[in-house]
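Here is a short report on one chain. Look over the sequence and the model first, then read on.

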Amino acid sequence: MDIFAHALWTAVAAKIVGDKTRKPIRLGWAAFWGVFPDLFTFTVPAVMRVWWYSTGTTHSLLPDPQSARRLQFAWQLYHCSHSLLVFALVFGLVWLIFRRPVFEMLGWALHILIDIPTHQGIFAVRFLWPLSNYAFSGIRWEAPWFLAANYGVLFGLLAWLWVQYKRNARLNRP
């Protein structure tokens, strides 16, 4: 799924869960953790490509034959950041450090859960990595019908949240 949709899904989920549980969940941090796996995977290679271009190492920002070899480490970043096991380990460590669960980090788990059925081929998510290389080959998130359905549902949820907000504001007026 695209990074913008991940941010929206995690913000919507955090808002709904926060309202239902009456626990404050910071939407910005939830959205950050919702896009974190892709930022972790693709930011370093993108910065490297820009650096190589700016220093004349390469003459294009587009991939070249040497890129595949030079950026092979990005696959390990991808598998690491898209693993439910790695997420659980990091979530547990943060819980120990802060002595409370940091619920905003659940955006990371939601990202992985969304990506499992919406990725295929080389991007199929190895969600049990490093214990297993099993990956479910799902649908293509960039398929036009899926993009339309995905953003249609998001738009519906955001509209519903807006109506709820307006209704609550009207009821709480002095």
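Which crossing does H1 make as H1 passes H2, left-handed or right-handed? The crossing is right-handed. The model behind this report is predicted.

## Overall fold

The chain holds seven helices and zero strands. In sequence order the pattern reads α-α-α-α-α-α-α. Along the principal axes, the C-alpha atoms fill a box of roughly 65 × 40 × 35 Å.

The chain has 174 residues, and buried residues make up 35% of them. Take the contacts between residues at least 6 apart in sequence: 59% of these join residues at least 24 apart.

## H1 against H2

Two packed helices are described by the angle between their axes and the distance between the axes. For H1 and H2, the angle is about 145° and the axes lie 8 Å apart. H1 brings Ile3, His6, Ala7, Thr10, Ala11, Ala14 and Lys15 to the contact. H2 meets them with Leu27, Ala30, Ala31, Gly34, Val35, Asp38 and Leu39. By class, this contact has nine nonpolar, three polar and two charged residues.

His6 sits in helix H1, which spans residues 3-21. Is His6 buried or exposed? His6 counts as buried because its relative accessibility is 1%, under the 20% cut-off. Setting aside residues up to four places away in sequence, His6 touches Met1, Gly34, Val35, Asp38, His111, Ile114 and Asp115. Gly34, Val35 and Asp38 are also among the H2 residues that meet H1.

## H2 against H4

Helix H2 (residues 27-54) also packs on helix H4 (residues 73-81). Here the angle is about 165°, and the axes are 7 Å apart. H2 is therefore roughly antiparallel to H4, as the angle is over 145 degrees. H2 passes H4 in a right-handed crossing.

Which residues make the contact? From H2 come Pro37, Phe40, Thr41, Phe42, Val44, Pro45 and Met48. From H4 come Phe73, Ala74, Leu77, Tyr78 and Ser81. The contact of H2 with H4 counts 10 nonpolar, two polar and no charged residues.

## Nonpolar cores

In soluble globular proteins, nonpolar side chains tend to be buried together. The largest nonpolar core in this model has 16 residues. Phe87, Met105, Trp108, Ile112 and Val125 touch the most other members. H2, helix H5 (84-98) and helix H6 (106-115) each give this core at least two residues. H5 has the largest share, with four residues.

What does Ile112 touch? Leaving out residues up to four places away in sequence, its partners are Ser81, His82, Ser83, Leu84, Phe87, Val125 and Phe127. Among them, Phe87 and Val125 are also listed with Ile112 as touching the most other core members. A second, separate core has nine residues, including Leu8, Val12, Ile114 and Leu154. Ile114 also touches His6.

## The loop at Ser137

Ser137 lies in the loop between H6 and helix H7 (144-171). Ser137 is partly exposed because its relative accessible area is 49%, and exposed would need over 50%.

Technical notes:
Residues are numbered from 1 along each chain as its sequence is written. This is a predicted model: local features need pLDDT of at least 70, side-chain atom pairs count only at pLDDT 80 or more; totals for chains, interfaces and linings use all residues. Side-chain values use heavy atoms; hydrogens and water are left out. Axes are lines fitted to C-alpha atoms, for helices over the stretch in contact, and angles run from 0 to 180 degrees between N-to-C directions. Angles under 35 degrees count as roughly parallel, over 145 as roughly antiparallel, 65 to 115 as roughly perpendicular and the rest as oblique. A crossing is left-handed if the near helix is turned anticlockwise from the far one by less than a right angle, and right-handed if clockwise. Contact means heavy atoms within 4.5 Å. Ala, Val, Leu, Ile, Met, Phe, Trp, Tyr, Cys and Pro count as nonpolar, Asp, Glu, Lys and Arg as charged, and the others, Gly among them, as polar. A nonpolar core is a set of buried Ala, Val, Leu, Ile, Met, Phe, Trp, Tyr and Cys residues joined through side-chain atoms within 4.5 Å. Buried means under 20% relative accessible area, exposed over 50%, partly exposed in between (1.4 Å probe, protein chains only).
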